[in-house]
Amino acid sequence: QQRTGDIFGKVLDTEGNPLPGVTVTLTGTRTAPMTSITSNTGNFRFISLAPANDYTLKAELEGFRTSIKENIIVVVGSNVEINLEMEMGALEEAVTVTAVTPIVDTKKTEVGQNITHEILQSLPTARDPWVILQMAPSILLDRENVGGSESGQQSGFASRGAPDDAQTVWNMDGTVITDPAAIGASPSYYDFDAFEEMKVTVGGSDVTTQTGGVSINLVTRRGGNKVSLGGRFYFTDEKFQAANEDFVADTQAEEPGFIGINRIQNIKDYGFNLGVPIWKDHIWFWGSYGVQDIKTTTVYGRADDTLLQNYAFKLNAQIIPENRFEAFAHIGGKNKWGRSSSAVLPGGYYQGGRYHFGSPIFKLQDEHMFGNNFFMSIQYTYSDAGFNLTPMDDLDFENPPWWDTTNDIWEGPDGDVGEWRYYVERPVSQYVARGTYFNDSFLGASHEILF
């Protein structure tokens, strides 16, 4: 359940000897300044850092020139090793370099892909997580999402022989959100512009991942010391696609029962997001609102329309450098007209949510670094992926079916088997406590113990 990355390393003199007692300070636009004192082996570390590309490390020790490394990049789930070299000289003299962030993570063996904010916003893809999964190695999806026409329903996929309905784990901002009654499925849909980064792992996950299949980490954006404001409007119209009129006419002549092909009517994707510092270096807020209005036609000539509305809010606080608090809310609303359209039920079903605004995900998390060697995190999350299904041809409930408890069957008013309706509540509460202990010198090696 990854949502952050780490920076660690050593401070050495020009001859490669470790320097203990060095004050190493970390700064960035998404964190309060933090300090770490190097151990007897010269080690320092900064744990649970938000993804960013502008971190700066500064090392200071009396009798040595100050060493500074800038523009350090941290991505989700990464362990960034940065070693600092200090030369003899006055403290006021500084040596500043642009850090080369290592590509290889020497602490992990997992196989996967980090999709950064720049990639998410720059590549011309449809705008949902399932399309992004195609960028990760060895994942095969069951459809091509042309122009966002399939974003109203989750795609199926498999990786390395593990099907999505049994082995996939969905995580959002450090908490498991996998639908407990539909294992492998996401409990919600998302505002694409709310993502800071996605990480897709297809193998070699650590022991905190419950299955051996695909692990998906969705990390939303957060506020920083700079005000950020964004908005978008995407539009796809039926005139943007080929009509295929000759194909339809020829097929109808050969197959009288053929009605047509599924087509996009129009798709609108719009929204905005805002991030502000409430108290610079200490309290930050970020929020977003996004809509996907997808209107298509099925091969049966019936509507298959989806309306997705998503709200996301995040409050981060770091009153003292050692403590970090985060409150997060995501509410994903889905209304769909024409779900599961088939030859026996051309109109399909209407799908609505349990709550007016959509399925909620709420999280409270507090993290604290005790000294240089002990890190603790506690977290509470609540989610509910409840929804309902009603036949499109009986939305007015004029002839509602009933359940025959004796024969275990739906019955209609004339004794015929009626179309079923479905309603479910899926509330989940999670309580998580994690700790990490570091020892840099026991038996001549560096140890990291997670519990």
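## Strand E17 and its neighbours

In E17, asparagine 217 is the bridge partner of asparagine 171. That contact belongs to a set of four bridges joining strand E14 (residues 169-172) to E17, and these two run parallel. Strand E16 (residues 195-203) is joined to E17 by six bridges, this time antiparallel, with glutamate 197 standing opposite valine 219 in E17. Two strands are taken to pair if DSSP finds at least two bridges between them; strands (E, at least two residues) and helices (H or I, at least four) are DSSP runs numbered from the N terminus.

A quick word on the source: this is a predicted model, where local features need pLDDT of at least 70, side-chain atom pairs count only at pLDDT 80 or more, and totals for chains, interfaces and linings use all residues. Residues are numbered from 1 along each chain as its sequence is written, and side-chain values use heavy atoms, with hydrogens and water left out.

## Other strand pairings

E11, E12 and E13 form an open three-strand sheet in that order, with antiparallel pairing. Strand E11 (139-141) and strand E13 (162-163) are at the edges with a single partner strand each, so one side of each has no neighbour in the sheet. Two bridges tie strand E12 (residues 157-159) to E13, and alanine 158 has proline 163 as its bridge partner in E13.

Further along, strand E25 (residues 374-384) and strand E30 (residues 427-439) run antiparallel, joined by eleven bridges; serine 377 has arginine 434 as its partner in E30. E30 also runs antiparallel to strand E31 (residues 447-450), through four bridges. Threonine 436 finds its bridge partner in E31 at leucine 450.

## Cavities

The count comes to two cavities of 30 Å³ or more. On a 1 Å grid over the protein atoms alone, a cavity is a set of points where a 1.4 Å probe fits but cannot get out, and lining residues have an atom within 4 Å of a point. Grid points are joined across faces, edges and corners, and a volume is the space filled by probe spheres set on the points.

The largest cavity has a volume of about 250 Å³. Its lining has 24 residues, with Arg3, Ala50, Arg222, Asn316 and Glu326 nearest the centre. Strand E4 (43-49), strand E17 (215-220), strand E21 (303-317) and strand E22 (323-339) each give two or more residues to that lining. The second largest cavity, about 40 Å³ in volume, is lined by residues including Asp128, Trp130 and Arg143.

## Rings

What does the charged end of arginine 222 sit over? The ring of tryptophan 284, 5.0 Å from its centre (the rule: NZ of Lys or CZ of Arg within 6 Å of the ring centre and within 35 degrees of the ring normal).

The whole structure holds 15 aromatic pairs. Rings of Phe, Tyr and Trp (its six-membered ring) pair if their centres lie within 6.5 Å; planes under 30 degrees apart count as stacked, over 60 as edge-to-face and the rest as tilted. Phenylalanine 235 and phenylalanine 240 make an edge-to-face pair, 6.3 Å centre to centre with 85° between the planes. Phenylalanine 235 is partly exposed at 38% relative accessibility, and phenylalanine 240 is exposed at 58%. Ring pairs also link Phe272, Tyr289, Tyr311 and Phe357 into a cluster.

Key. Buried < 20%, exposed > 50% of the residue type's maximum accessible area, 1.4 Å probe, protein only. 1 Å grid on protein atoms, 1.4 Å probe; cavity = no way out; pocket = protein on both sides within 12 Å on 5 of 7 lines; lining within 4 Å.
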